[in-house]
Amino acid sequence: MRFYIDNYYIMKKYILILLALLFVMTDIELYAQRRNPAKNADLAFGRKQYSEAVDRYKKAYKRSRRNKEERNRISFQMGECYRLIGLPKRAEPYYKRVLKSDYPNAHPEVYLSLGDTYKMNEKFDDAIECYNRYSQMVPTDNRGKIGAETAAMIKEWIENPLKYELKEMKKLNTTRYSDFCAVWSNSNYNEIIFTSSRDGATGKEKDGINGQHFADFFMSKQDRKGDWSSPVIADESENVNTKASEGAPFFNSKYTRMYYTRCQNGEHRKNGCQIMVAAKSGGTFANARPVEIKGIDTLDIVGHPTLSDDELIMYFSSDRRGGFGEKDIWVTTRKSTNDAFERPFNVGPTINTAGDELFPFLRNDTTLYFASNGHGGMGGLDIFMVTIDTSGNWGEPVNLKSPINSTSDDFAIIFHPTEERGFISSNRGNTRGVDNIYYFEQSAILFTFSGTVKDEKTNQFVENANVRMVGSDGSSMMTRTNSKGFFSFSESQLKGNTNYEITIDKANYFTYNATETTVGIEFSKDFEKEYVIEPIPEEPIMLPDILYDLGKWDLKPQFEDSLQGLIETLQINPTITIELASHTDSRDTEERNDILSQKRAQSVVDYLIIRGIDPLRLTAKGYGERVPRTLQKDVKVHGHAFKAGTVLNEAFINSLSSNDAKEAAHQMNRRTEFRILNKDFVPRVNIGDNQSVHIAINPQEENFVLFNQNKAGYFYFNVNVDGYGETFTYSQNADLLISEAQALKLLKEGRINRDNFKGNTEEVLGTGSIAEGAVFTVKEMCLAGRSIYNVEVKVRKRMVEEWVIGQKTLKQFGNYQFDTKTKKLIFN
């Protein structure tokens with residue numbers, strides 16, 4: 001009995017001692033709480049349990065009334081918590097509160113976080129100001145510089161979204177809980193598995209990160225109409241769905257294995273995250289187990305796996321030691337699917353930053369997509385793309401911009417294996433900060449092409465110009481410019497990955513060629529161009545300098561390129577014929593200069609024929625010294641100035657004060673020029689090799705044309721009208737007439753337009769008809785080397801002949817007679 005009494009007192013004594021110790025420990029804890037009321041909040045924040053931390057910071061803030069420095073720190077931490085769980089509007093006032101103190105002077109990261117928050121709240125100018133301030137304070141950290149640069153581009157990115165169309169998966173998403181990381185789970189691509197913290201999940205605990213339920217996998221199927229079913233739990237056997245938090249699934253290419261992340265992120269405790277793998281057969285999962293990675297233990301935080309097609313390379317995200325910032329992308333390899341993965345290594349600073357890099361997705365083993373808040377961007381997490389070359393080197397990460405990215409968190413992109421469509425996750429437009437699933441697909445890439453055509457000389461719009469596009473795919477289309485010089489080709493006419501040759505032509509204009517391409521253009525585009533076409537001049541055109549030595553005629557190699565422009569003009573305009581005229585200076589005799597100019601003309605003609613120009617398109621004449629040059633503009637040669645309008649004849653040259661000036665004038669007279677003769681040459685398929693061009697020496701203008709006689713006894717002959725050969729019938733008392741059919745042809749070909757007609761064109765021109773007696777003007781008629789200008793022509797509806805000319809018009813060319821023996825119309 002004594003024994004029990006003694007023991008009783010002894011036990012009582014120990015209990016009293018333990019109680020005393022307990023009170024002491026409690027007092028110490030309470031003292032510590034008073035000294036550091038935010039201690040537990042800091043512990044939760046360090047465990048990334050931001051939802052739990054923010055509640056504790058609120059209580060700590062109230063207990064720190066006398067410590068302004070601590071209250072400022074707590075305010076900053078509360079802003080961080082709200083920003084990191086996707087509630088930037090709640091975060092902003094806490095950062096602003098801190099700005100009113102001296103706290104940012106010692107903690108410049110306030111400006112970086114507030115810049116990120118302003119960006120997410122679409123206050124881009126304020127964001128740029130904060131980023132610039134951070135850069136000034138911490139010039140070694142490029143996040144401020146990158147943040148400011150990207151913030152300045154966001155408006156443009158939003159206004160010019162890229163090639164994808166985005167649609168929220170409302171049938172899958174809930175309003176209160178996060179739904180994210182959707183992946184296809186079968187080879188028919190009509191079933192998806194995704195992560196959700198909604199009611200019905202296996203895990204009932206609250207996640208310390210966001211305060212929601214532990215996440216599990218849910219499944220939805222798509223019917224033949226394209227509608228998705230209401231989501232159901234993906235694994236009721238609790239093989240992959242457990243009381244822990246599961247998410248971020250990835251399937252191998254055969255859809256027989258699912259890799260995923262499992263975390264024990266409960267409140268008040270810190271646990272690691274593991275990468276798991278489970279076998280899938282039909283709709284069931286089995287044999288869920290951790291993926292063995294050398295050097296990784298159960299307290300490490302690893303997750304978000306993505307694997308190569310052969311499952312021997314795995315990328316994942318982790319905050320393990322040896323990284324460049326918060327969470328980084330790591331990679332590991334193995335020899336076979338039965339082996340453990342080797343010790344992982346960091347993919348390096350090209351991809352990883354001082355921020356977070358998460359949710360990698362490997363596409364076709366060569367392109368890695370990932371989410372990051374460290375590369376700058378539109379706000380929060382943005383999705384980036386980077387490629388790896390055959391040497392294993394990473395290119396520069398590329399921001400996918402709008403609409404894939406937004407000013408909120410955007411992450412967890414996956415693609416269909418062969419098509420430009422897939423899923424992303426985002427908390428955009430969500431005031432609760434919860435994540436939702438979005439489906440994206442490449443929008444139809446459409447092209448239009450439009451523009452205007454102007455006259456190079458007058459800068460006026462050119463009406464009725466033909467605009468033709470010929471594609472490398474064999475397509476061909478044509479339209480005409482309207483009264484404003486405008487033309488357009490619709491999106492149904494242009495195709496992707498096609499090169500187009502553009503040809504613009506109109507009567508009395510040089511043909512204009514251009515190119516355009518849709519090759520390599522990934523997004524819809526409206527091509528808009530302005531073209532300027534050159535009218536064919538009536539006066540001779542000086543070729544670029546082709547200089548000859550005194551008394552020489554050979555074409556020097558260095559001046560052959562001067563003819564390239566003429567060659568291109570003839571190639572682009574295959575229906576024009578030209579006259580080449582060569583001239584000498586006045587030194588030496590006329591006879592010798594005639595022969596010299598003939599040889600110079602011959603050297604140019606020979607070069608053109610060698611370059612493939614049809615000899616029938618060339619008329620060459622050697623004028624010797626008889627046609628001195630008249631300057632069309634002010635020029636300076638060897639330091640000597642010559643005024644426009646000067647005629648470089650012998651009298652003028654002899655009046656010059658120095659031999660150098662005289663030599664400069666003689667040099668300008670030694671020239672070759674060309675003018676357009678006709679515009680209706682019919683190109684030949686085969687050009688004979690032995691054809692040559694006759695060179696006329698000191699040519700005199702021909703004073704006749706040949707004529708023929710029709711069955712009715714009327715004479716007919718050829719007249720050049722604005723560069724085109726036309727057949728005219730002579731009737732002595734007739735006016736200058738044209739049939740309605742021929743006039744409509746000229747309209748259709750663009751050789752005349754409504755501006756050429758006299759009177760009210762609304763009354764004169766109808767649809768496919770021209771009023772009887774309508775009058776229009778042609779610019780030039782050329783006959784037997786003689787020209788008349790601005791000639792009026794009258795339209796006759798029932799006339800059989802195309803053109804009729806009478807004595808009144810013919811006399812404008814000069815006195816004439818028809819020689820019926822020689823069949824010549826001769827002008828005196």
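Predicted model: local features only at pLDDT ≥ 70, side-chain atom pairs only at ≥ 80, totals over all residues.

Me: Which residues are the closest to the centre of the largest cavity?
Reply: That cavity has a volume of about 140 Å³. Its lining takes in 14 residues, and the closest to the centre are Pro249, Pro305, Pro360, Ala412 and Ile414.

Me: Which elements give two or more residues to the lining of the largest cavity?
Reply: The lining has 13 nonpolar residues, one polar and no charged. As for the elements that give two or more residues, they are strand 2 (179-184), strand 6 (245-251), strand 10 (302-307), strand 14 (357-363) and strand 18 (410-415).

Me: How many charged residues line the second largest cavity?
Reply: This one has a volume of about 30 Å³. Around it sit Val721, Asp722, Leu746, Arg751, Ile752 and Val778. Four of the lining residues are nonpolar and none polar, while the charged ones number two.

Me: What covers the buried residues of helix 13?
Reply: Helix 13 spans residues 659-669, and its buried residues are Ala661, Ala664, Ala665, His666, Gln667, Met668 and Asn669. Their cover includes strand 29 (577-583), strand 31 (635-637), strand 32 (640-642), helix 12 (650-654) and strand 33 (671-678).

Technical notes:
Residues numbered from 1 in each chain as written. Heavy atoms only, no water. 1 Å grid on protein atoms, 1.4 Å probe; cavity = no way out; pocket = protein on both sides within 12 Å on 5 of 7 lines; lining within 4 Å. Points joined across faces, edges and corners; volume = space filled by probe spheres on them. Helix = DSSP H or I, 4+ residues; strand = E, 2+ residues; numbered from the N terminus. Nonpolar A, V, L, I, M, F, W, Y, C, P; charged D, E, K, R; others polar. Buried < 20%, exposed > 50% of the residue type's maximum accessible area, 1.4 Å probe, protein only. Contact = heavy atoms within 4.5 Å.
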